[in-house]
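Good morning, colleagues. Please look at the sequence and the structure on the screen, and I shall then take you through several local features of the backbone and the strands.

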Amino acid sequence: MPEILRLFGLKFYIYTRDHQPPHIHVVSADGSAKFVIEKEIRLLENFG
């Protein structure tokens with residue numbers, strides 16, 4: 001799993017062969033979330 005950024009305790013991951021729509025995974029000590037990357041970034045799922 002390629003970590004692309006670590007900032008303020010958040011880890012950002014993009015899986016290049018993952019399903020559509022294009023999205024980014026964000027993981028923290030408190031949980032994780034998935035955000036869709038479109039014209040606007042919106043929350044897709046929250047696990048926390």
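Strands, in what follows, are DSSP runs of E with at least two residues, and helices are runs of H or I with at least four residues, numbered from the N terminus. This is a predicted model, in which local features need pLDDT of at least 70 and side-chain atom pairs count only at pLDDT 80 or more, whereas totals for chains, interfaces and linings use all residues. Residues are numbered from 1 along each chain as its sequence is written, and side-chain values use heavy atoms, with hydrogens and water left out.

I begin with the loops. Phe8 lies in the loop between β1 (3-7) and β2. Its phi is near 55°, a positive value in a residue other than glycine. Phe8 counts as exposed because its relative accessibility is 79%; exposed means over 50% relative accessible area, with a 1.4 Å probe and protein chains only.

Which loop holds Pro21? Pro21 is in the one between β2 (10-13) and β3 (23-28). The peptide bond that joins Gln20 and Pro21 is cis, with omega at about -5°.

I turn now to the pairing of strands, where two strands pair if DSSP finds at least two bridges between them. β3 pairs with β4 (residues 31-37) in the antiparallel sense over six bridges, and Val27 has Ser32 of β4 as its bridge partner. The hairpin from β3 to β4 passes through two residues.

β4 is also joined to β5 (residues 41-47), again antiparallel, by six bridges. Here Val36 has Arg42 of β5 as its bridge partner, and the hairpin between β4 and β5 runs through three residues.

How values were computed. Buried < 20%, exposed > 50% of the residue type's maximum accessible area, 1.4 Å probe, protein only.
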